[in-house]
Amino acid sequence: MTDNLYMQRCIELAAMGMGSVSPNPMVGCVIVNNGKIIGEGYHVKFGEAHAEVNAINSVWNAYGDQAPELLAKATVYVSLEPCAHFGKTPPCADLLIRHKVRKVVIGNRDPFDGVNGKGIGKLENAGIEVVSGILEQQCYQLNRRFFTRITRQRPYIILKWAETADGYFAPKDKLQQWISGPLAKKLVHKWRTEEDAVLVGKQTALADNPKLNAREWKGKNPIRLLTDRKLEVSTGSNLYNNQVKTVIFNEIKTAVEGNIHFIQMEDMQYYLPQKIAFQLYLMDIASVIIEGGANILNQFISAGLWDEARVFTAAHTWNDGLAAPKIQGHRIEDLDLGNDKLTVYQNNHS
C-alpha cells in the first residue's frame, strides 16, 4: 500500500506537465528516505530536465551536504521507467546509479525502443533493486497519448461534438447555432490546452468561423488543423490569423506562409483519416481533438480511428437538422454540466 501511495503522488506530480511536455511522456518522481519524502520532481517542459533530475536537485536544495548520504539509502519512485539513452538530456538511469540509490519503484515500462527494459536493466546491473508495475493502469492512463504514439505510430485521437436531446448536430441551413451551454464551452477550452492540436473540416470553418483557441482557460493554444481540399475557406477567416500555427490539409499546394502551413495531399476523398493520422505522427503531434463537422467525425468513426469520444447532449430539442454521429464504444464517464450532459466513450481497441 505504501508503494501505491508514493506512486499516486508521482502521478499527481506528472499531471502538472500536461500540455507542456508533448511528445514526451508526463513523468513524476518521488524520493523517499526512511518513510519520509525528501525530494519530488516532474518533467516540466519538453526539452528540459526530466522528473528524476528535478527530484534529485530538490534533495540537494533541501539537504545540501547531507544529500549524498540520504540518496544512498533512498527509494526512488517514478511513474515511467527511467530513460537509458541520450536524447535532449542524459540518461536518468545513469543519474540514479551515480547517486547509488538503494531501490527504484516504477509504474510503467517505457515502450520506446531506446528504453524498453534497458533502464531497468542498467539499474539492476548496478546492484539497485527494481520493482515495476505499481499502479500500472493509472500510470498508463496518464500517458495514453504517449503510449498510443509509440505503439500505434499515430496520435491519440479524441472526437468531440454536441447534440440536441433528439440527436441533431447542426441546423440544416448550416448556419452557426450553439447547442451546449457556457460550462461545456469552458471545458472544451480546457481540453484544448491539454492536447497538441484541434481539427475541423471545411464546412465547420465556413459556418462557424471558429478561432479554435483556449481563450476561456489558462494555458497554451493548440495547433489548428483544417481539411480544405480546394482552399475554399477565406484567408480573412479566424483560422488564418497569426495567433497560432495552423496546418491546412489540401490538394493544391505545400507552402509555409507565416504561421499558416499548407500540406498537399492526394485524393483526400479516400482514406483521409489514415492520411491525417500518419501526417500528424510525422509532425510529432501526439494528440488531436476533432471538433467537427459531422462529415469528418463520421469518417474517423467509420475508419475506427479514434480513442475517445466526448459527447455533450443538451436538454433541448430541435425536431429537425443534421443527424449527430453515432458512436459505439465503452462508456467510461457521465457528467452533468448545467443543463448539458457529457458522456465519454472509449474505443474498444484502447
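1. Strands β10 (residues 246-250) and β12 (residues 260-264) run parallel and are joined by five bridges. Within this pair, T246 stands opposite I260 of β12. Strands are DSSP runs of E with at least two residues, helices are runs of H or I with at least four, and both are numbered from the N terminus. Two strands count as paired if DSSP finds at least two bridges between them.

2. The model is predicted: local features need pLDDT of at least 70, side-chain atom pairs count only at pLDDT 80 or more, and totals for chains, interfaces and linings use all residues. Residues are numbered from 1 along each chain as its sequence is written, and side-chain values use heavy atoms, with hydrogens and water left out.

3. The open sheet has 10 strands with mixed pairing, in the order β11-β12-β10-β9-β8-β13-β6-β14-β17-β16. Its edge strands, β11 (255-257) and β16 (330-337), each pair on one side only. On average, neighbouring strands are turned by 20 degrees against each other, direction ignored. Helix α8 (residues 182-194) packs on this sheet and touches β6 (156-163), β13 (287-290), β14 (308-313), β16 and β17 (340-346); contact means heavy atoms within 4.5 Å. The direction of α8 makes about 165 degrees with that of β14. Axes are lines fitted to C-alpha atoms, for helices over the stretch in contact, and angles run from 0 to 180 degrees between N-to-C directions.

4. The largest pocket has a volume of about 1,200 Å³. It is lined by 48 residues, of which T204, D208, E291, G292 and G293 are the closest to its centre. Elements giving two or more residues to this lining are β6, β7 (168-170), α8, β8 (197-201), α9 (202-208) and α11 (294-302). On a 1 Å grid over the protein atoms alone, a pocket is an open set of points with protein on both sides within 12 Å along at least five of seven lines, a cavity is a set where a 1.4 Å probe fits but cannot get out, and lining residues have an atom within 4 Å of a point. Points are joined across faces, edges and corners, and a volume is the space filled by probe spheres set on them.

5. An unreviewed UniProt entry annotates A162, W178, T204 and D208 as "binding site"; such annotations may be inferred rather than shown by experiment. These residues span 47 residues in sequence, yet no two of their C-alpha atoms are more than 14.0 Å apart, so they gather at one spot. The lining of the largest pocket includes A162, W178, T204 and D208. W178 sits in the loop between β7 and α8.

6. The structure holds one cavity of 30 Å³ or more. The largest cavity has a volume of about 130 Å³.
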